[in-house]
Amino acid sequence: MTHSTSRTAPIGLFDSGVGGTTIWKEVNALMPNENTLFIADNKNAPYGEKTKEEIIALCDANTRFLLENNAKIIVVACNTGTTNAISYLRNKYKEVPFIGIEPAIKPASLQSVTKKIGVLATRSTLASDLFAKTSEHLKQEEQVEIIEQVGEGLVDLIEAGRIKSPEMTLLLRKYLLPMIAEGIDYLVLGCTHYPYLLPQIQELIPPHIKVIDSGYAVAKQTRNILSQHHLLNDDATAEPQHLWLANGKVEVLQQFAPKNVEHLKISTF
């Protein structure tokens with residue numbers, strides 16, 4: 001199975017749920033001419049508590065669906081999916097360009113003054129070989145201390161539409177306050193769902209702590225790879241079409257749809 005080589009073919013993105021829409025928004029902002037197809041596998045969310053084998057199988061199924069629907073590039077808009085499955089996907093679909101996402105611990109480490117950074121991510125991301133390799137390298141090269149925290153329960157609450165709930169506040173306090181006490185000056189959001197929690201996070205952390213996620217960097221890398229493959233859609237006269245699909249509760253996806261984007265359809269698959 002191969003990808004489309006048409007410039008007008010859609011950029012394909014997938015995530016375990018609505019989190020990938022944070023990446024989609026960055027991609028759409030940077031490349032407004034592009035058609036997109038985003039799938040939220042929210043029937044199987046969250047991926048963060050599953051085994052590596054389960055995560056690979058789900059990512060493989062999502063990839064096949066996007067390729068069957070003519071995607072020209074695949075953005076794995078999921079930290080857990082990337083850290084556990086991207087090497088498998090690249091090996092299986094050799095002709096297809098893949099863009100992955102992993103916690104932005106490198107820029108945080110390079111910019112940190114206290115040399116203490118906090119990482120809030122899913123269990124599977126933090127337990128992955130890819131994360132371990134990157135963090136070990138940074139600990140040695142940059143003499144940085146990386147304080148890891150599993151954000152257990154956060155994705156479930158976001159997927160349930162309970163972002164502004166007492167339970168969310170309790171969990172965020174439980175996860176963030178110990179990292180603040182350790183003296184971090186950067187907080188890395190290692191899950192594409194977590195940018196939706198930014199307003200609450202910023203209420204809980206001191207203003208000197210900078211919060212960083214990977215969204216813009218992923219969009220930039222997607223544009224670079226499309227350009228290298230001569231696949232950028234540079235027709236500014238066309239009206240780009242966007243399709244978001246969910247295989248679970250589609251109403252949750254609808255809550256996160258931007259109001260200012262034309263030709264965005266949301267449906268089930």
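The lining of the second largest pocket in this predicted model splits into seven nonpolar, five polar and three charged residues (Ala, Val, Leu, Ile, Met, Phe, Trp, Tyr, Cys and Pro count as nonpolar, Asp, Glu, Lys and Arg as charged, and the others, Gly among them, as polar). Fifteen residues line this pocket, and T22, E26, P195, D213 and G215 are the closest to its centre. A pocket here is an open set of points on a 1 Å grid over the protein atoms alone, with protein on both sides within 12 Å along at least five of seven lines, and lining residues have an atom within 4 Å of a point. The space in the second largest pocket comes to about 160 Å³, a volume being the space filled by probe spheres set on the points, which are joined across faces, edges and corners. Helix α1 (residues 20–30) is the top contributor to the lining, with five residues; helices (H or I, at least four residues) and strands (E, at least two) are DSSP runs numbered from the N terminus. Domain 1 (11–101 + 215–268) and domain 2 (104–214) each supply at least three lining residues, with bounds taken from an automatic or database domain assignment.

As for ground rules, residues are numbered from 1 along each chain as its sequence is written, and side-chain values use heavy atoms, with hydrogens and water left out. Local features need pLDDT of at least 70 and side-chain atom pairs count only at pLDDT 80 or more, while totals for chains, interfaces and linings use all residues.

The largest pocket holds about 420 Å³ of space. Its lining has 20 residues, with G100, I101, E102, P103 and V218 the closest to the centre. Two or more lining residues come from each of α3 (79–92), β4 (98–99), α4 (105–111), α6 (129–142) and α10 (215–228), and α10 has the largest share, at four. By class, this lining has 12 nonpolar, five polar and three charged residues. Both domain 1 and domain 2 give residues to the lining, so the largest pocket lies between them.

Then there is the one cavity of 30 Å³ or more that a search of the whole structure finds, a cavity being a set of points where a 1.4 Å probe fits but cannot get out. The largest cavity has a volume of about 70 Å³, and S16, C78, T80, T122 and C191 lie nearest its centre among 14 lining residues. Its lining has five nonpolar, eight polar and one charged residues.

Turning to the sheets, six strands make up an open parallel one in the order β4-β3-β1-β2-β9-β10 (strands pair if DSSP finds at least two bridges between them). Its edge strands are β4 and β10 (264–268). Strand β3 (residues 73–76) pairs with β4 over two bridges, and V75 sits opposite I99 in β4. Helix α10 packs on this sheet, touching β1, β3 and β4, at about 165 degrees to β3; contact means heavy atoms within 4.5 Å, and angles run from 0 to 180 degrees between N-to-C directions of axes fitted to C-alpha atoms, for helices over the stretch in contact.

Four strands form another open parallel sheet, ordered β6-β5-β7-β8, with β6 (145–150) and β8 (210–212) at the edges. Five bridges join β5 (residues 116–121) to β7 (residues 186–190), and A121 faces G190 in β7. Helix α8 (residues 166–181) lies across β5, β6 and β7, at about 165 degrees to β6.
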